[in-house]
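Subject: Handing over a structure, with notes

Dear colleague,

I am passing on to you the structure below, together with some notes on what was found in it. Please keep the picture open while you read.

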Amino acid sequence: MIPRPRTLTPRTSLRSNTSQLLLVVVMTCILPAGLSAQYSFLGALANRFSDLSFFANIGGLAPQTDQVRADQLSHFGLEILFSVGAVSRASGPTRTPADSVRLVWREMRVEHTAEGVDTINFYDVERTSSFTPREDIWLFEMGLGYGQLTGFEARAPSIQMKGAVRDLPSVSLYANYEPLGSYFGLRSGLMELTGLQVVTEEGASFRGTGKSFLAGALVGHALEVAGFNLFFEASYMLRDFPSVEWGGTPPLGTPFEMDLSGWSFGTGVQFGVGR
């Protein structure tokens, strides 16, 4: 999701067993139970695992809904990132090595002569070709994230509503413009209401459930600080639950649909892995 700041060093693939284990552990936590077992391609993704980021966003509903109020929504979570492509350009003139040929060791033989035993090394002569230095301009990444949204409540004064929205998980595609350290992206995924309940003044409690799809876009900028990336971003997310199911007969003012769409502004930190 986050581009490398102005430092234009190429990314390296994740190779170590420790980093691959970290990837599997994190993805197992992100993916819902039963679904993670179907992802046999985790080993293949490990070679493209590039970064791990933690984020926190705040925002509000736009527009406000009739039955739900959210003066300050908060969204926090983590995301793992995979490099999926790059566009580069020449960063200097074509260079030719000082030596146009090089010796490559092929084999060693032991020969017996009148003077004794002699060891002879054999080499092949290879030509070295010219090369053009290149730098990445656009980097493309895919992100798998887990997040939780809180901060909404019922407008009716006679009831209290508590709960959260979880991404299970979200999938993002990012285009990072390296020279400026800026990026933009698209996000989608499954989301679910969790721990949702309304409580009346008499103490009666009713639980609610709902699932829907997330969709949105974001833009941001990253800065390198002490070896990691600090990023800032703005996003607009569509979080509409057209149907909320309640157990029993909830009181008046209980929302049977919830639109939590709106703008948010956030920050986070990203750690490179295996670079």
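The notes that follow go from the whole chain to the strands, the cores and the rings.

Please bear in mind that this is a predicted model, in which local features need pLDDT of at least 70 and side-chain atom pairs count only at pLDDT 80 or more, while totals for chains, interfaces and linings use all residues. Residues are numbered from 1 along each chain as its sequence is written, and side-chain values use heavy atoms, with hydrogens and water left out.

The whole chain

The protein chain holds two helices and 16 strands, where helices (H or I, at least four residues) and strands (E, at least two) are DSSP runs numbered from the N terminus. Of its 275 residues, 39% count as buried; buried means under 20% relative accessible area, exposed means over 50%, and partly exposed lies in between, with a 1.4 Å probe and protein chains only. The chain exposes about 15100 Å², of which carbon and sulfur atoms supply 58%, the areas coming from the Shrake-Rupley method with a 1.4 Å probe and, for residues, with only the protein chains shown counting as cover. If we take the contacts (heavy atoms within 4.5 Å) between residues at least 6 apart in sequence, 72% of them join residues at least 24 apart.

Strand β1 and its partners

Strand β1 covers residues 49-59, and eight of its 11 residues are buried, so the strand is largely enclosed by the rest of the structure. β1 pairs with β3 in the antiparallel sense over 10 bridges, where two strands pair if DSSP finds at least two bridges between them; I58, for instance, has S74 in β3 as its bridge partner. β1 is also joined to β16 by nine bridges, and these two strands run antiparallel, with S53 having Q270 in β16 as its bridge partner.

The nonpolar cores

A nonpolar core is a set of buried Ala, Val, Leu, Ile, Met, Phe, Trp, Tyr and Cys residues joined through side-chain atoms within 4.5 Å. The largest one has 29 residues, of which F152, M161, V165, L196, F241, M258 and L260 touch the most other members. Strands β3 (73-90), β8 (159-177), β9, β11 (211-225) and β12 each supply at least two residues of this core, and the largest share, five residues, comes from β9. Apart from this core lies another, of six residues, among them L52, I80, F82 and V273.

The aromatic rings

How many aromatic pairs does a search of the whole structure find? The search finds seven, where rings of Phe, Tyr and Trp (its six-membered ring) pair if their centres lie within 6.5 Å, and planes under 30 degrees apart count as stacked, over 60 as edge-to-face and the rest as tilted. One of them is the edge-to-face pair of W138 and F184, 6.3 Å centre to centre with 75° between the planes. W138 lies in strand β6 (residues 134-150) and F184 in strand β9 (residues 182-200), so this pair ties together parts that are 46 residues apart in sequence. W138 is partly exposed at 28% relative accessibility, and F184 is partly exposed at 47%.

In another pair, the ring centres of Y236 and W263 are 5.2 Å apart and the planes stand at 65°, so the pair is edge-to-face. Ring pairs also link F54, F228 and F271 into a cluster.

With best wishes
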